Amino acid sequence: MSDPRAPQDDDYSATVLGSHWFSGPPAAPEVTPDRVEGSVLRFGPGVTAALPAPFPLTAPAPPARPRRGAGLRRYALAAVVLLAVLAYLGWQRFGPALAVRDVAVTTDPRGPACDATADVVAVVRTNGRPGTLSYRWLRSDGTRSERLTERVPRGQGEARLHLLWTFRGPGTYPAKAELELLSPDRHTAAVEFTYRCAP
């Protein structure tokens, strides 16, 4: 059946009619970019594309791990020196005690002049350890000194002990002075001389 409202024109074509009424969506107008940065074009607001890096990025190399035992070798020399110093100090403090090796007593063999003083010297040789000497002097006139002490510092290999014996008046007197060492070891040593004074 034909539509009575349709035109009765023989030249009518639905295809032609459709082309008059339907022309499709309008073409998009050409848009120019807001700004140009390098090779990236930006159009309006929004998320921007990342710029290419000006130089190649490389991950940093991981730090080299120290070899096992390297830290111990680094401090080995210091540890050896420290142990040597401690051993030396320990030996100095707790090592062998003071010991006497030799004792000798001397004076001027000519003896003192008239009304003069004889200087009698005892030389006590030790092992160089610190300590205290205990001694007394004995004279041929029957005089005996009290107990005396002498402190010997570390490293000193000998100690000198003095007896001053004074003579008065004319005459001749054969004299003898003796050192009696009481500690750390018992030793004795003596010297003889003559006092002469003509009237």
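Strands are DSSP runs of E with at least two residues, and helices are runs of H or I with at least four, both numbered from the N terminus. The model is predicted: local features need pLDDT of at least 70, side-chain atom pairs count only at pLDDT 80 or more, and totals for chains, interfaces and linings use all residues. Residues are numbered from 1 along each chain as its sequence is written, and side-chain values use heavy atoms, with hydrogens and water left out.

**The sheet**

Three strands form an open sheet in the order E3-E4-E7. Their pairing is antiparallel; two strands pair if DSSP finds at least two bridges between them. E3 (100-106) and E7 (158-166) stand at the edges. Each has a single partner strand, so one side of each lacks a neighbour in the sheet. On average, neighbouring strands are turned by 15° against each other, direction ignored. Those axes are lines fitted to C-alpha atoms.

E3 pairs with E4 (residues 117-126) over six bridges, in the antiparallel sense. Valine 105 has alanine 122 in E4 as its bridge partner.

Most residues other than glycine have a negative phi, and most peptide bonds are trans. Two places here read otherwise.

| Site | Backbone value |
|---|---|
| Aspartate 115 | positive phi of about 50° |
| Serine 183 to proline 184 | cis peptide bond, omega near 10° |

Aspartate 115 lies in the loop between E3 and E4. This residue is partly exposed, with a relative accessible area of 44%. Partly exposed lies between buried (under 20%) and exposed (over 50%), using a 1.4 Å probe and protein chains only. Proline 184 sits in the loop between E8 (171-183) and E9 (187-197).

Technical notes:
Axes are lines fitted to C-alpha atoms, for helices over the stretch in contact, and angles run from 0 to 180 degrees between N-to-C directions.
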